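Good morning, colleagues. Please have the sequence and the model in view.

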Amino acid sequence: MAAALGVWFSPRCRFPASLSHPPLMTRFFSLLQAAKRSKINGCSLPSPPLSPELVERIRKNKEAALQKLAARTASSIPAELGQSWRVSLAGEFAKPYFAQLMTFVAEERKRCTVYPPQHQVFTWTQLCDIRDVKVVILGQDPYHGPNQAHGLCFSVQRPVPPPPSLENIYKELAADIEGFSHPGHGDLTGWAKQGVLLLNAVLTVRAHQANSHRERGWEPFTDAVVSWLNENLDGLVFMLWGAYAQKKGSSIDRKRHHVLQTAHPSPLSVHRGFFGCKHFSKTNELLKKSGKQLIDWKAL
């Protein structure tokens with residue numbers, strides 16, 4: 001029968017005796033051609049769809065496993081990390097690169113001034129639960145001047161004057177959002193508390209030496225953050241300003257999330273598309289369509 005049908009069976013295949021019945025054999029061979037397949041005893045058989053109950057059970061088991069992993073790797077996890085981020089990203093903390101990264105940053109702090117201070121490196125995890133993120137703005141490198149960087153990209157601590165890129169962001173906001181006016185400072189904490197993730201690709205830097213901690217291990221970690229958000233949440237709005245951010249966000253699922261791209265707000269490129277992009281009002285339009293609470297861009 002098998003030879004006549006042109007089908008080769010592995011010796012590992014075991015079929016129940018009931019399949020010798022002709023109608024059942026016909027049904028069996030039709031199932032072999034189904035698009036979705038799984039391996040059972042070395043043979044290709046279709047996978048049944050997962051029930052909602054089973055999907056939820058798998059999610060809970062995965063979360064429990066991550067919590068156990070987080071507990072085992074607690075000694076290598078920075079104490080400043082927000083709890084929800086600590087649990088969700090537990091797999092990264094067990095990897096050799098992360099331990100090496102933490103050692104590198106610790107040694108750097110012994111030799112020179114590093115920004116931001118240790119307690120502010122992970123500010124972005126402290127102001128919002130990982131599952132409450134609605135908008136993601138990707139930056140590149142922390143500010144390297146005194147009292148500037150505090151763990152949120154484009155943001156600076158008060159009373160430090162806003163840097164040029166942030167001034168340009170404020171100009172676009174004034175043109176895009178009715179009622180927005182310059183807040184008189186550069187602290188974007190008010191956005192972060194509403195679910196706007198302000199994430200730099202690299203989270204530390206030597207004083208007065210831009211990109212000095214580049215390619216030391218921060219990039220794979222922040223890639224993992226973007227990947228987790230991409231795979232576990234829905235309807236996020238990603239603002240990708242400039243080629244660097246756009247490259248870092250190239251793997252984002254455009255069918256699952258919204259991606260807004262334009263030039264970087266730096267004075268060198270702001271006139272190439274950032275001014276007039278209306279990303280802030282567009283973001284709220286997309287959040288509204290998704291049934292999510294809008295961002296109050298004026299709340300700074």
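Arg 59 is partly exposed, with a relative accessible area of 35%. In this predicted model, its side chain meets that of Glu 56 in a salt bridge, at 2.9 Å from N to O. Both residues belong to helix α2, 3 residues apart, or about one turn of the helix. Glu 56 is likewise partly exposed, at 32% relative accessible area.

Helix α2, residues 52-72, also contains Ile 58. Ile 58 has a relative accessible area of 44% and is therefore partly exposed. Together with Leu 50, Leu 54 and Val 55, Ile 58 forms a nonpolar surface patch of about 330 Å² accessible area.

I turn now to helix α5. Here Arg 111 and Glu 108 form a salt bridge, their closest N and O atoms lying 2.9 Å apart. They too are separated by 3 residues, about one turn of the helix. Arg 206 joins Glu 108 and Arg 111 in a network of salt bridges.

As for packing, the axes of α5, residues 96-111, and α9, residues 218-232, come within 9 Å and cross at roughly 125°. That angle makes α5 oblique to α9. The crossing is left-handed.

Finally, Arg 158 and Asp 187 meet in a salt bridge of 3.8 Å, N to O. Arg 158 lies in the loop between β4 and α7, and Asp 187 in the loop between α7 and α8, so the pair ties together parts 29 residues apart in sequence. Asp 187 is buried, at 13% relative accessibility.

Notes
Residues numbered from 1 in each chain as written. Predicted model: local features only at pLDDT ≥ 70, side-chain atom pairs only at ≥ 80, totals over all residues. Heavy atoms only, no water. Patch = residues over 30% accessible without salt bridge, like charges linked within 9 Å, V, L, I, M, F, W, Y side chains within 5 Å. Areas by Shrake-Rupley, 256 points an atom, 1.4 Å probe, with all protein chains shown as cover. Salt bridge = Lys/Arg side-chain N within 4 Å of Asp/Glu carboxyl O. Helix = DSSP H or I, 4+ residues; strand = E, 2+ residues; numbered from the N terminus. Buried < 20%, exposed > 50% of the residue type's maximum accessible area, 1.4 Å probe, protein only. Axes fitted to C-alpha atoms, helices over the stretch in contact; angles between N-to-C directions. Parallel < 35°, antiparallel > 145°, perpendicular 65-115°, else oblique. Left-handed = near helix turned anticlockwise from the far one by under 90°.
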